[in-house]
Amino acid sequence: MYKLQQKNLQERRDRRIKLERKLQEDTLSEEEKKKQREALQQQERDYFRLQRQRLSSNDFEALKLIGRGAFGEVWLCREQKTGKTVALKKLKKSEMLRRGQVDHVKAERNVLAEVDHPFIVRLYYSFQDEEFLYLVMEYLPGGDVMTLLMRKDILSVEETRFYIAETVLAIESIHRHSYIHRDIKPDNLLLDASGHMKLSDFGLCKPVDVSKLPTLHEDKNPSVSQTEGAPEPSTSRTQSEKLAHWQSNRRKLAYSTVGTPDYIAPEVLMKMGYGMECDWWSVGAIMYEMMVGYPPFYSDDPMTTCRKIVNWRSTLRFPPEVSLPPDARNLIERLLCNVEDRLGSHGGAQEVKVHPFFAGVKWDELTTQTPPYRPCVTHELDTQNFENFDDEAGMSSGGSSKRWGRADPNFIGYTYKNWEAVSSPGEGQAQGHMQLKPKTSSRPKLSDVQGTFAELDMNSRPSR
């Protein structure tokens, strides 16, 4: 508790110092500077009040279910006090404990709280009740890259370069905080209304539980079939047939109990121990899919896919029907390779960024560039870029959101409130922040109470 208080005090000092530096650089009048200082003080008061509030699911109006997975759901919600549209991720504690995902969900909450980057989804709040964990995040109405790929089949070189570049910056930011994503795939690359990408882990799809897979080893005899003599059906299909088959099964695989292992690095599957370099393998697999139409090791069943990944030397193939630019193919091959030779393994993201495929990319200006693709979004509550789910049951947890009970030792310290959840007066939602409304007391005034008792006393007297 003491460390948290010290951290909050230091962050408050840093915000004041940042404002004062900004005021020194700007040519503002003394009156305007005074207004900005007062606005910061008001934000600090709002944030202090927010820190003292105990959030529950009742603070959010459920509008539409936009995701459902093995561990919980994601809802489009409206924050009751502010009217802000948010995405609320709801995870069942019992499932987290039963499937050994406590560390995973804690890591997700930590990285979203710690990493402040334009290509990482913004976390506003995290809280819990007796049954569920909740993550309240910014709503990105553009859907995910998986939906984009299903609509367009194959992305252009320009589109691929832009979205892989933004993915590289997102991964660089989490690696800088010593966090390994391990589950990077098109499902977790979300698009905002303008078409910019943000990395997330909504948990819509079950991560592959590698511990339950048999230990896989690379086949020393590549000529032997990976399915012990049985021909793999997908190898005899043409590129267009593979694309059609992959698209028809993509959503089913994503939401299955097994999950999709298509983007997992071989060292992870072989249980050899792994580091941040496994995320760069995933980037290579995603880039291949963007330019070819399906993942490089796609197969009819997940276990065969795992075997093909482990034996990538003999199974990585580029279809002759697809002509890739030499720089693009080289980058894919430099990412889908041994850990020792993989780009990013020694020099981090900088190794990837200097590859010729990214020649001409202005890394510092990506956030201000116009994306090559703009999703169709007609209003702030638009969900057309997400799957339709049966949400008749609603988000209610049977009243559990009001039952706080004792502190859960498995999830101590899970609660979080972002400074960006409050905004200065006048900013409102223009910059994507939440503005707290003044707290109104529901307690009656003393004079009203006295008047009520006097009236009751008069009515209770017997008439003469």
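Buried means under 20% relative accessible area. By that cut-off, 16 of the 20 residues of helix α6 are buried, so the helix is mostly covered. The model is a predicted one. Its chain has 464 residues, and buried residues make up 51% of them. The secondary structure comes to 14 helices and eight strands. Among contacts with a separation of 6 or more, 73% join residues 24 or more positions apart.

**Helix α6**
- Helix α6 runs over residues 157-176.
- Its 20 residues should span 28 Å at 1.5 Å a residue, and the end C-alpha atoms are 28 Å apart, so expectation and model agree.
- S178 follows α6 and has a positive phi, near 60°.

**Packing of α6 on α9**
- Helix α9 covers residues 277-292, and its axis comes within 10 Å of the α6 axis.
- The two axes cross at roughly 165°.
- Angles over 145 degrees count as roughly antiparallel, and α6 and α9 are therefore roughly antiparallel to each other.
- The crossing of α6 past α9 is right-handed.
- On the α6 side, the contact is made by V157, T160, Y163, I164, T167, V168, I171, I174 and H175.
- On the α9 side, D279, W280, V283, I286, M287, M290 and M291 make the contact.
- An α-helix has 3.6 residues a turn, so residues three or four places apart point the same way.

**Helix α5**
- Helix α5 spans residues 145-152.
- Its buried residues are V145, M146, T147, L148 and L149.
- D144 caps the N-terminal end of α5. A side-chain oxygen of D144 lies 3.2 Å from the backbone nitrogen of M146.
- D153 comes after α5, with a positive phi near 70°.

**The loop at G195**
- G195 sits in the loop between β6 (189-191) and β7 (197-199).
- The relative accessibility of G195 is 0%, so this glycine counts as buried.
- Leaving aside residues up to four places away in sequence, G195 touches Y163, P371, Y373 and P375.
- One of these partners, Y163, also belongs to the α6 side of the contact with α9.
- G195 and P141 are 54 residues apart along the chain, and their C-alpha atoms are separated by 9.6 Å.

Conventions. Residues numbered from 1 in each chain as written. Predicted model: local features only at pLDDT ≥ 70, side-chain atom pairs only at ≥ 80, totals over all residues. Heavy atoms only, no water. Helix = DSSP H or I, 4+ residues; strand = E, 2+ residues; numbered from the N terminus. Buried < 20%, exposed > 50% of the residue type's maximum accessible area, 1.4 Å probe, protein only. Contact = heavy atoms within 4.5 Å. Expected span 1.5 Å × (residues − 1). Polar contact = N/O pair within 3.5 Å; in protein donor to acceptor, adjacent residues only side chain to side chain. Axes fitted to C-alpha atoms, helices over the stretch in contact; angles between N-to-C directions. Parallel < 35°, antiparallel > 145°, perpendicular 65-115°, else oblique. Left-handed = near helix turned anticlockwise from the far one by under 90°.
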